[in-house]
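Student: I would like to learn how to read charged side chains in a model. Could we go through some cases together?

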Amino acid sequence: MTIPKEVKLVIETLEKKKFEAFVVGGCVRDILRGEEPKDWDVATSANPQEIKKIFPESFYENKFLTVTVLTKSRKESLKEIEVTTYRQEAKYTDKRHPDEVRAAKNLREDLARRDFTINAIALNSKKEIVDPFSGQEDLKKKIIRAVGNPKERFAEDALRMMRAVRFVSVLGKGWSIEEETAKAIKANAASLKEISKERIRDEFLKMIMSERAAEGVEMLRELGLLKNIIPELEEGYRVGQNKHHIYECYEHSLKSLEYAAKQGFNMYVRVAALLHDIGKPRSKRGEGKDSTFYGHEIIGARMASGILDRLKFSKKDAEKIVLLVRYHLFYYNVGEVTESSVRRLVKQVGPENMDELLQVRMSDRIGSGVPKAEPYKLRHFRYLIDKVSQDPISAKMLKVSGNDVIKDLKIEPGRKIGQILEILLDEVLSEPKKNNKIYLYKEILKLGKLSESELAKLAQRAKKQKEGLEMKKDEMTKKKYWVV
């Protein structure tokens with residue numbers, strides 16, 4: 001149980017002034033689990049004015065009895081340490097913020113206001129643990145249990161219900177929510193609607209970015225929370241699919257997210273994997289193995305846009321996720337996909353988003369129950385994307401143009417211009433340093449003096465050299481994607 005020297009100094013300084021001081025909350029939980037805390041919180045019997053007097057390098061700009069003490073640490077997470085007076089919170093009228101925050105009599109009162117037992121543990125500079133609600137026992141059992149009466153805790157702040165699910169997802173395998181705490185969540189699930197969408201979004205994304213993201217979403221559904229966050233996702237629950245899928249719509253979305261999370265894909269891909277087929281229930285026609293979902297990607301993109309807007313995603317993030325949902329259904333059969341169609345897709349989606357689009361498709365494939373995320377035909381499609389995205393070998397690479405040839409040789413436009421540029425390109429491909437205007441102007445004048453037959457012969461040889469180089473370049477691109 002190592003407390004960083006910066007935090008220890010804050011605690012010991014308070015103790016020397018005859019005040020109690022403890023590290024509390026999530027940092028203690030992480031220490032006890034053998035993980036490095038992301039931030040550090042100190043609770044003390046000193047009031048904000050006394051804290052500021054002890055630590056001149058600090059500021060107090062809130063109503064929550066919290067003073068931020070500045071350190072000279074090089075580590076970002078230790079540059080600012082929040083020191084809070086023991087406090088208790090009065091009634092929560094809006095189920096989001098306490099009507100009043102006032103000082104508590106002692107540490108136990110302070111710990112009693114916290115959300116879960118695993119976050120209601122304190123530790124002092126001598127490494128003595130204060131654990132009045134058996135948080136250590138719950139840590140061992142991997143249980144999320146509300147401090148005191150769970151209905152009261154969730155009535156105080158309804159977001160705590162989402163936090164319970166998020167902790168189960170983030171803390172790792174084997175964690176669960178204690179029975180009475182789970183019952184209280186089900187009973188109070190509707191009050192989540194009173195929470196700001198920004199806070200819901202932030203908790204949701206923390207869960208989505210965990211390895212157990214799909215389990216977290218399912219737990220939200222089981223506890224009645226999902227319908228108050230993304231009710232559109234529940235529309236797919238028990239909605240059957242056709243012969244191309246072995247899972248129902250909702251389960252398919254979870255399987256897709258599960259794969260995206262296991263692969264460590266980014267937030268855009270994970271959210272898109274969860275929402276990519278959200279339009280299927282509304283587009284379904286017929287039943288059984290021959291049912292259809294025509295246009296579900298267009299309907300889904302529109303629905304995803306509404307969901308992300310409601311959850312206050314930034315415009316930039318929402319546009320990217322909607323793009324991935326809209327174009328996730330691209331066609332990629334070898335021999336049937338043309339370079340022009342691939343070029344068109346790259347233009348629509350943007351070359352910078354193509355890798356993520358392919359990751360969404362891979363997640364979609366695994367979510368459909370197929371064994372391979374990236375079969376030969378998808379690798380071939382990736383090769384085509386690379387091929388059409390490369391700059392072509394052409395005279396446009398030269399530092400001179402056809403107009404320069406016309407101007408230097410004082411001739412009319414014609415075949416001779418193209419032949420000279422072809423020859424110059426061959427030289428530059430062999431020796432890139434020759435691609436400068438002074439050298440190329442001299443070469444233009446030399447080539448201008450050659451006869452038609454000599455120029456034609458050199459141009460033909462240059463053309464063959466370029467074709468050979470293009471073939472070699474294409475072979476290397478194929479090898480890159482194992483499609484040789």
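Student: Is Glu-339 buried, partly exposed or exposed?

Tutor: This is a predicted model, and the label follows from the computed accessibility. Glu-339 has 31% relative accessibility, so Glu-339 counts as partly exposed. The label applies because buried means under 20% and exposed means over 50%.

Student: With which residue does Glu-339 form a salt bridge?

Tutor: The general idea is that side chains of opposite charge can pair when their charged atoms come close. Here the partner is Arg-343, and the closest N and O atoms are 3.9 Å apart. Arg-343 is partly exposed, at a relative accessible area of 43%.

Student: Why are Glu-339 and Arg-343 separated by about one helical turn?

Tutor: Because they are four residues apart in helix 17, which covers residues 339–349.

Student: Which side chain meets that of Glu-179 in a salt bridge?

Tutor: That of Lys-183, with an N to O distance of 3.6 Å. Glu-179 and Lys-183 lie four residues apart in helix 8 (residues 179–188), so about one helical turn separates them. Glu-179 is exposed, with a relative accessible area of 54%, whereas Lys-183 is partly exposed at 46%.

Student: What is the N to O distance in the salt bridge of Glu-215 and Arg-212?

Tutor: Their side chains meet at 2.7 Å. Glu-215 is partly exposed, with a relative accessible area of 42%. Arg-212 counts as buried, at 12% relative accessibility.

Student: How many salt bridges are there by this rule?

Tutor: The count comes to 32 salt bridges.

Student: Which residues are linked in a network of salt bridges?

Tutor: One such network links Asp-115, Arg-163, Arg-166 and Glu-203.

Student: Where is Asp-115 placed, and is Asp-115 buried or exposed?

Tutor: Asp-115 sits in the loop between helix 4 (107–112) and strand 8 (122–123). Its relative accessibility is 7%, so Asp-115 counts as buried.

Student: Which side chain has a polar contact with that of Asp-115?

Tutor: The side chain of Asn-119 does, at 3.1 Å.

Student: Which residues is Asp-115 in contact with, leaving aside neighbours within four places in sequence?

Tutor: With those neighbours set aside, Asp-115 is in contact with Arg-145, Ala-146, Val-147, Arg-153, Arg-160, Arg-163 and Phe-167.

Terms used: Residues are numbered from 1 along each chain as its sequence is written. This is a predicted model: local features need pLDDT of at least 70, side-chain atom pairs count only at pLDDT 80 or more; totals for chains, interfaces and linings use all residues. Side-chain values use heavy atoms; hydrogens and water are left out. Helices (H or I, at least four residues) and strands (E, at least two) are DSSP runs, numbered from the N terminus. Buried means under 20% relative accessible area, exposed over 50%, partly exposed in between (1.4 Å probe, protein chains only). A polar contact is a pair of N or O atoms within 3.5 Å; within protein, one must be able to donate a hydrogen and the other to accept it, and residues adjacent in sequence count only if both atoms are side-chain atoms. Contact means heavy atoms within 4.5 Å. A salt bridge is a side-chain nitrogen of Lys or Arg within 4 Å of a carboxyl oxygen of Asp or Glu.
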